[in-house]
Structure formats: structure tokens, C-alpha cells
Amino acid sequence: MDSLKEKTAKGLFWGGMNNTVQQLLGFIFGIVTLRLLTPQDNGMMAIIAIFSQVATVLQDSGFRSALVNIKEPTHRDYNAVFWFNILMGLLMYLILFFCAPLIAKYYHTPELTWFSRYAFLSIILASLNTAQSAWLFKNLRAKQQAKAAMIAVLLSGIVCIVMAWKGFAYWSLATQGLVFIGVYMLMNWHYSPWRPTFTFDFTPIKGMFRFSVKMLITTIVERVNVNIMNILLGRYFSKHDVGIYNTAYNWSQKGASLVQGMVAQVAQPVFSGLQDDHVRQLRVLRKMIRFAAFVSFPLMFGLSLVAEEFIVVTITEKWLGSAMLLRVLCIAAAFSPLSTVLSQYIVSRGRSGIYLGCTSVLCALLIGMMLVLHSKGIDTMVWAYTALFVVWFFVWYFFVKRLSGYSLFHLFKDTVPFLVIAAVVMVFTGWVTDTVDSLLLRLLLRIFIAASIYFIIMRTLRVKILDECLEFIKNKFRK
């Protein structure tokens with residue numbers, strides 16, 4: 001039987017493997033797809049994303065997190081969640097089906113009526129996955145989850161490219177989402193030994209409701225936070241502008257989720273497993289923060305450095321407007337994995353009310369700022385969005401400090417060295433390569449030089465987290 005430390009290490013490894021492969025496949029499929037599609041096509045999908053995401057959250061109702069937070073959930077618990085989610089999924093789809101004309105009217109785009117009805121079918125598919133996904137997540141089956149996600153990304157990406165090549169435009173993006181969720185659901189059923197029974201007992205739902213309702217509302221607010229720019233840009237700007245922004249945002253999130261997915265894969269289950277040992281919880285928290293900072297700052301600052309070269313070389317000049325926005329959004333994305341670790345710690349301590357409050361206030365501030373600033377243009381909105389997300393990292397920390405005693409000195413010790421070194425490396429790299437005329441050569445040089453210098457500095461300073469990562473990878477290859 002693996003120890004908690006070994007399970008955590010394996011979870012981080014497979015979480016990293018999962019996200020690396022997903023981002024690599026997403027990178028390749030994204031480049032090909034964006035070369036075939038237009039910013040308007042991308043904008044069509046972006047402006048309806050919020051509706052299916054919120055409906056999926058309502059269908060899940062926060063019970064996945066509630067199941068994970070129960071020390072030993074029973075078959076009765078899983079079964080109640082399974083049937084409840086199916087009923088909610090069907091209800092959410094029917095509501096959105098009849099609301100589709102109103103959505104089309106809000107965005108002044110009649111084509112959205114049947115397009116959104118098609119895309120929203122993902123809600124029903126997702127409702128079949130909640131209990132199975134919760135079982136795998138609860139039992140730290142990161143390897144199985146990784147395989148399921150990688151296969152889903154591969155198949156859905158292939159379908160999307162074929163459809164885009166055949167001229168299906170934005171319909172290819174909606175189909176990609178449906179295929180991904182459908183395949184991921186089927187793979188989770190394959191890997192999970194748990195199966196539902198035709199016993200319709202919803203009593204356990206009542207016991208989970210107090211925790212899950214806060215997680216439900218919080219997750220809805222999170223989805224609004226993520227999509228608020230698309231919601232407002234779709235209303236006040238053109239579909240082209242929405243597509244340009246959404247492309248920049250998606251590329252910034254591909255980098256951030258590489259790290260965020262690794263820590264999110266294990267953070268809540270590990271913290272929950274140590275809820276009776278707060279000293280060990282704090283040690284694990286600090287280690288996860290150091291790991292996130294060690295990877296996230298150089299990765300995202302590096303993407304910011306090569307934003308223009310990357311956009312033009314990979315998806316052509318028709319997306320050049322995304323480059324400046326990507327450069328700014330990468331700053332916010334660099335802090336995203338660290339904020340995830342802090343917020344998951346709060347959830348693991350059963351303080352979903354704090355999680356809800358923080359997320360709700362952030363949402364209110366975002367909506368207010370964007371409504372005030374939309375007349376100033378997209379650039380101003382993006383800068384304000386980024387600044388607020390950086391500040392909010394310290395809001396999360398404030399509550400973690402109250403729960404754990406994590407001092408500001410230790411937080412800075414765990415994060416600032418990586419932030420400063422990464423920033424200096426990128427500035428230096430940008431300076432020495434600024435005179436290179438070829439965009440492709442400049443892109444490759446900046447990646448090579450920045451990665452090499454950062455690695456050399458980490459080795460020279462004998463950074464422990466680097467040694468641990470290298471040792472773990474060596475051990476995996478020896479096996």
C-alpha cells in the first residue's frame with residue numbers, strides 16, 4: 001500500500017503527465033484549428049460557453065467536492081449523487097433549450113439559437129460522469145484520470161480538425177466539446193469499478209447539501225469570473241473582437257493549467273486526508289506552493305516574452321491582435337496555480353463559506369470594473385482584469401494564514417525568489433534577442449536561452465524542489 005507521500009508524488013506525476021499531454025495535443029490541434037477558422041468562428045463559441053458551463057455546474061450541484069470531502073463515502077452516497085445529477089442535467093438542458101432564442105437576441109445573433117441547443121447537449125453527457133469522476137478523484141486514481149483525459153483530447157481534437165477542414169466553421173468547435181465530454185465520461189466508467197443501482201434514495205443528498213450548496217454557488221461564480229470578458233465583449237464589441245480576446249485567454253490558460261492541473265489533481269484529496277494533522281497540512285501546503293511557483297513563473301513569463309512570435313508563427317498574422325492581450329494575461333495566469341493551492345486548502349478545512357465569499361466578491365468587482373471600463377477599450381479591460389487577479393492571490397493568502405498560520409515571511413520565501421529570477425531571466429533574454437529579425441529564429445532562441453539560464457540558476461542555487469523533481473523523474477524511468 002502506497003504512503004500518502006507516494007500517492008501525492010504519483011498524483012503530481014500523473015497530473016503533470018496528463019496536463020503535459022493535454023496541453024501538447026491542445027497546442028497542436030489548436031494551431032491547426034485556428035488556421036482553418038476565423039476569429040468570428042471562435043467568438044461564436046466563446047459567447048455561449050458561460051451558459052453550458054453554469055448549467056453543468058448546476059447539474060453537478062457541488063456534490064463531487066462533497067463526496068471527496070467525506071472520509072469514507074458509501075455506495076448509497078455515490079448512488080444518490082449519480083441519479084440526482086442525471087435529473088438535474090436533463091432539467092438544465094430543457095431550460096436552456098427553450099431559452100436559446102433569448103440568448104440569440106441578447107447577442108444580436110439569430111444563428112445562436114440552434115447552435116447553442118446543439119452545444120448544450122454536453123450538459124446531459126456530463127451528468128453521467130459526476131459520480132464516476134468523484135470516485136476516481138477521491139481514491140487518487142490520477143493515472144486513470146490522466147489516460148481518460150488524454151484519449152478524450154486526442155479523439156475530440158481529430159474530429160474538430162476534420163470538421164473545420166470540411167467547412168463546418170464554429171460547429172466544429174461545439175462538436176469538439178461534445179466528443180471530449182462523451183469520451184471522457186465513457187473512459188471514467190471504464191476505469192471506475194463503482195456502478196449505480198436502481199435505488200432512488202436521495203437521503204444522502206440532504207447530508208451533503210450544506211457543504212455542496214456553497215461549492216455549487218462558488219463554482220458558478222468562478223465560471224462567471226472566467227467568462228465575464230466574453231459575456232461583455234459579445235454584447236458591446238464584435239464577434240471578431242471576442243474571438244481575438246478568447247484566443248489570447250485560452251493560450252494563457254493552456255500554460256497555466258499545465259501547472260494548475262498538476263496541483264489540483266491532488267491538493268484537495270491530500271489536504272482532506274490530513275485534516276486531523278494541521279502541522280503536516282502546512283508542510284504539504286508550502287511544498288505545493290513552492291512547486292507551483294518554481295514552474296508557473298518561468299513558464300508564464302516565458303510565454304509572455306514570446307507572445308508575438310508565437311502567435312504569428314503558429315496561427316498566422318490574422319490573430320496578431322491576440323499577442324498583446326496574451327502578453328498581459330500571462331501575468332495573471334502565472335499566479336493562477338498558486339491561488340488554486342491556497343483555495344483548495346481552504347476547501348479542505350471545510351471552510352467552503354470563505355471560498356464562496358472570496359469568489360463572489362471577486363466576481364462582483366470584476367463585473368463592476370468591466371462595466372465601467374468597457375468604453376475604454378479591450379486593452380484597458382484586460383489590464384484591469386490582470387491586476388485584480390494578481391491582487392486576489394493575496395486575498396486567498398489572508399484567509400489561509402488565519403487557518404494555518406502560514407506567515408507572510410514564509411510565503412515570500414516560497415514564491416518571491418522564483419518570481420524575481422524568472423522575471424530577470426525573461427527581461428535579459430528579451431534584450432539579447434531583440435535584434436533578431438526572423439520571428440521563428442527569435443522564438444526558438446528565446447525559448448532555449450530563457451530555459452537554459454533558468455535551469456542553470458536553479459542548479460547553481462541548489463534549489464531543493466528542482467532536485468526532488470529530477471530525482472522523482474529518474475526513479476520513474478528506472479522502473
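Helices (H or I, at least four residues) and strands (E, at least two) are taken as DSSP runs and numbered from the N terminus. The model is predicted, so local features need pLDDT of at least 70 and side-chain atom pairs count only at pLDDT 80 or more, while totals for chains, interfaces and linings use all residues. Residues are numbered from 1 along each chain as its sequence is written, and side-chain values use heavy atoms, with hydrogens and water left out.

**Exercise 1. Positive phi**

Locate R462 and T316 relative to the helices, and state the phi and the exposure of each residue.

Solution. 
- Step 1. R462 is found in the loop between α18 (439-460) and α19 (464-478).
- Step 2. Phi of R462 is near 55 degrees, a positive value in a residue other than glycine.
- Step 3. Buried means under 20% relative accessible area, exposed over 50%, and partly exposed in between (1.4 Å probe, protein chains only). R462 has 72% relative accessibility and therefore counts as exposed.
- Step 4. T316 is placed in the loop between α13 (307-315) and α14 (321-348). T316 is not a glycine either, yet has a positive phi of about 75 degrees.
- Step 5. The relative accessible area of T316 is 25%, so T316 is partly exposed.

**Exercise 2. Helix α17**

Solution. 

**Exercise 3. Salt bridges**

How many salt bridges does a search of the whole structure find? Describe the pairs made by R286 with D414, E309 with R446, and D434 with R446.

Solution. 
- Step 1. Side chains of opposite charge can pair when their charged atoms come close. A salt bridge is a side-chain nitrogen of Lys or Arg within 4 Å of a carboxyl oxygen of Asp or Glu. The search of the whole structure gives six salt bridges.
- Step 2. In the salt bridge of R286 with D414, the closest N and O atoms are 2.9 Å apart. R286 lies in helix α12 (residues 278-305) and D414 in helix α17, so the pair ties together parts that are 128 residues apart in sequence. Both residues, R286 and D414, are buried.
- Step 3. E309 and R446 meet in a salt bridge at 3.0 Å, N to O. E309 belongs to helix α13 and R446 to helix α18, so this pair ties together parts 137 residues apart in sequence.
- Step 4. D434 and R446 form a salt bridge at 3.9 Å, N to O. D434 is in the loop between α17 and α18, and R446 is in helix α18, 12 residues apart.
- Step 5. D434 counts as exposed at 54% relative accessibility, whereas R446 counts as buried at 6%. E309 is buried too.
- Step 6. E309, D434, R442 and R446 are linked in a network of salt bridges.

**Exercise 4. Aromatic pairs**

Count the aromatic pairs in the whole structure and describe the pair of F82 and W189.

Solution. 
- Step 1. Rings of Phe, Tyr and Trp (its six-membered ring) pair if their centres lie within 6.5 Å; planes under 30 degrees apart count as stacked, over 60 as edge-to-face and the rest as tilted. The whole structure holds 28 aromatic pairs.
- Step 2. F82 and W189 pair edge-to-face, at 5.8 Å centre to centre with 65 degrees between the planes. F82 lies in helix α4 (residues 75-106) and W189 in helix α9 (residues 170-191), so the pair ties together parts 107 residues apart in sequence.
- Step 3. At 4% relative accessibility, F82 counts as buried.
- Step 4. One aromatic cluster is formed by Y78, F82, W83, W189, W194, F198 and F200.
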